[in-house]
Amino acid sequence: MSAPTLRIADLGLGFRTWAGPVEVLHGISLHINKGERVALVGESGSGKSVTARIVLGLLQELRSARISGTVEFEGRDLDRLSARERHALRGTRMSMIFQDPTSSLNPVYRIAPQFHEVLKRADPAISEAAARDRAAALLSAVAIPEPERALDSYSFQLSGGMNQRVMIAMALANEPALLIADEPGTALDVTVQAQTLALMRDMVEEHHTSVLFISHNLGVVREFADRVYVIYKGRIVEHATAEGLFADPRHPYTRALLSAVPRITGGGIPEIEDVSEDYYQPLVVHEGCGEPEGVA
Amino acid sequence: MPPVVRLLAKRLGTSLIVLVGVSMLIFTIARVIPGDPARIALGPNATAEQVEALRERLHLDEALPIQYGYFLRDLSRGDLGISLYTNRPVTADIAQFLPATLELIVVAGLMMILIGLPLGVIAARYRGSWADHAVRIFTLLGVSAPSFVWAVILMLIFAFYLPLFPIAGRIADSYAIASVTGFLTIDTLIAGNLAAFGNAAWHIVLPAFALSLSGIGQAARLTRSNMVETYDKPFIEMARSYGFPERRIARRFAFRPSLIPSLTIIGLDFAAMLGNAFLVEAVFAWPGLSRYGVAVILRKDLNAIVGTVLIISAMFLLVNIIVDLLIAFINPRIRYSQRAS
Amino acid sequence: MKRAAYILVRNPLSLTGVILITLVVFGALFADFIAPFPEHRGAVVDFANFNKPPEWPYLFGTDLVGRDLFSRILYAYRISLLLGAVVLAIAVPVGVTIGLVAGYIGGWTEYVLMRITDVFLSIPPLVLAMSMMGLLEPTLTNGMLAVTAMWWPWYTRLVYNLTRSEKEEGYVLAAEVIGASRTHIIFREILPNCVPSIVTKMTLDLGFVILIASSLSFLGLGVQPPTPDLGSMVADGAKYLPDSWWLTVFPGLAILVAVFGFNLLGDALRDILGVDQ
């Protein structure tokens, strides 16, 4: 078996602040195989978004951040790469989709030049005309009805759903090995979010792209992911297949999260404890879900 | 009607209303002051008949609204009256002195933009570094002294101790340049006299820099804080996560959205320069509107004061309209939406 | 309080501001005791010691009639600070009230009040004050009047913008729903939320009033001799550059120190009170 697209082992992260050091990640491990969709689920502040930023190599450039452990991307240890080499991976081998598509697009430029900028990451010499043709093709692939018109629009002239489609097209434009989706479309209407997520799923399936899907929304995760890691306060507490997790949640925190989803069938919003000793119980790994042996 | 044209029409309309307000305000201030302006203008030796004749000519015996009516009637013919100080039409006086002041302000404005904006960008990009702190101290000092203090200090250092620049004036007397635009740096080029151009440019450096220092400070501080705010926006994070080069992010992605609020302040700084030019001109003996303005104010030369203030305000409003159009040009949201806020 | 102290200590520039302003205010208040030659504030002549470069006991040298510049600068600070305090004491309440009313009531009231404000704002500040000073007699009172006339619109503009955004906030709507009077909403609900911005601006403006007042007197349109004034000291000395450099440099630096100090203090307050620019 080839190396997983992404393998994180014992990743720790701390920040130096004026109030002293703050530990954000306490040694988390996870992996994503080629073409696999893996979700990292937790409440805000649990450390999911910083994990994404470490994978992208963005936090490494922050002076106040202290990072330990290993992150391997396609078998290469990111720590052993230079800043320049890590930079070269961004936008080419890995890319990202954000919460709010509309504010993720620059408001003072049309879509076309922003797309050109993205395509230049893989092919620095690409001409404006060639970039435009390719962008139009990519936009029609994400079911944007008039790609030419969208290319000449500003983000505020397009609907949130359209912008999200543009973001998906941009994210997959350079055929990345890994797509990181950080709460994709949370800022959108629920129905639009569902549509664009379905689209995203089809697209990554077609391109065999691995996905790290970060979310607090278990309902969305169930639809989208093959495997799930649940994270609580910088620790992975449960690791299971999506089916396994929803059929048989074993960690107290996971059970609390699942019961927090309001049900239409009655009972209203259940009472759950904010903090419980139980949530700090050790990691539960479901059968057949272990971490691969390190080869680095 | 395209939004930009609508914006322009709206701005012109508002400016016209404001300009009428300015004329009423300054006209009222000029007429309700204690003392007889005619007597003050003519001096203590004038006869009662002379004073009465002048009062007649200036319609000083009429009611204030009627005086204002006369004023508006003359204004509509492009006539601002006769200056009691120079005995020439106020418009002729202003036409003679204004170009030198405008040239100074334009050069200072260019300095403000070409120095202030890059300083702000550098400070924001290297936030928290020594460069950021240096820019902060420099810009704070810039806004912390009136331009005449900077003028005196710059003159002392760069004209007296290190005689790099001329002490005063606009151009050496030996050059005779035909006035076309009134801007010596342009007229010398039109005349094809490069030596004269160099001399005029050499003369304008110190006064313009003294005048621009506070504007540089304002522009840099505001650009920095806007850039810092923009750097926290999702589209910058997106640019980073796609690995766009950091230089390109600063210059292209962060700078342009940050420029929009800076431009408004740059417009206001231009206005402040219209006033501060008086101070700098006094230090460098710059033959602009300053000496004329102060002289007519001290002599209570009503027509000249009203005319000068009106022209300066009109220029201020014009600069603001230009700034609004620039913002509309940079900010597509205004160009394409009905609301121009 | 602790947070305020922390911000002041952490940032050396803020601390510098506090120190500078303390020195300036202290010097102005106790000029009678600090100034080596208190009598030099007025029309005193000492030709034996005229135009002396800085040397003991003349810290900053003497002027053309032999008066100690250091003593005169202290007294000039006193007048500048008084002028700044009076101008703000009048301009702020007037400007703030107009801004609150225009911003909250809206409609024609808003249109008329804001256009009037625009009229004042579209005459360059210095030019408006100059014209008023020239037409009135150049006295301290008229100087205050002229600077006040150009200052209030800035507070109107500031508070107007704040009011317009506060108006949409939940707490204002809540007060409207329970039927609070307009006066109550304007002064008891909205105004307290504008206070941090107003206080910050006032601190910065104390410096800028000093700056503008000195500019007026530099042009001969301010406080008249023999009252000591930083702007007219620079103007008088400028004719004797570069030889008698102390005549201009020290009064000039005195303006710079005061305005710089208020700027640093204003920036520190902005951090402490959490005001946006």
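## Ground rules

A residue is called buried here if 20 or more other C-beta atoms lie within 10 Å of its own, exposed if 12 or fewer, and partly exposed in between, with C-beta atoms placed from the backbone. Helices (H or I, at least four residues) and strands (E, at least two) are DSSP runs, numbered from the N terminus.

Keep in mind that this is a predicted model: local features need pLDDT of at least 70, side-chain atom pairs count only at pLDDT 80 or more, and totals for chains, interfaces and linings use all residues. Residues are numbered from 1 along each chain as its sequence is written, while chains are lettered from A and ligands numbered from 1 in the order in which they are written.

## Chain C at a glance

Of the 277 residues in chain C, 49% are buried.

Two residues count as in contact if their C-beta atoms, placed from the backbone, lie within 7 Å. Take the contacts in chain C between residues at least 6 apart in sequence: 68% of them join residues at least 24 apart.

## The annotated stretch

UniProt, in an unreviewed entry, puts the feature "domain: ABC transmembrane type-1" at residues 77–266 of chain C. UniProt positions follow the numbering used here, feature names are shortened, and annotations may be inferred rather than shown by experiment. In the model, that span is 83% helix and 0% strand, and its end C-alpha atoms lie 19 Å apart.

## A helix out in the open

Helix H8 (residues 170–177) of chain C has eight residues, and the number buried is zero, so H8(C) lies largely in the open. Just after H8(C) comes Gly179(C), with a positive phi of about 80°.

## How H4 meets H5

In chain C, helix H4 (residues 69–105) and helix H5 (residues 107–121) pack at an angle of about 140°, with their axes 7 Å apart. That makes H4(C) oblique to H5(C). For the record, angles under 35 degrees count as roughly parallel, over 145 as roughly antiparallel, 65 to 115 as roughly perpendicular and the rest as oblique. Axes are lines fitted to C-alpha atoms, for helices over the stretch in contact, and angles run from 0 to 180 degrees between N-to-C directions.

On the H4(C) side, Ile98(C), Val101(C), Ala102(C) and Ile105(C) meet Gly107(C), Thr109(C), Glu110(C), Leu113(C) and Met114(C) of H5(C). Those residues split into six nonpolar, two polar and one charged. Here Ala, Val, Leu, Ile, Met, Phe, Trp, Tyr, Cys and Pro count as nonpolar, Asp, Glu, Lys and Arg as charged, and the others, Gly among them, as polar.

## Who touches whom

Two pairs of chains touch, and the pair with the most contacts is B and C. That contact takes 37 residues from chain C and 42 residues from chain B. On the chain C side, H6(C) gives the most, with eight residues. By class, this side has 24 nonpolar, 11 polar and two charged residues.

Chains A and B meet through 21 residues from chain A and 17 residues from chain B. H4(A) gives the most to the chain A side, with three residues. No contact joins chain A and chain C, and their closest C-alpha atoms lie 10 Å apart.
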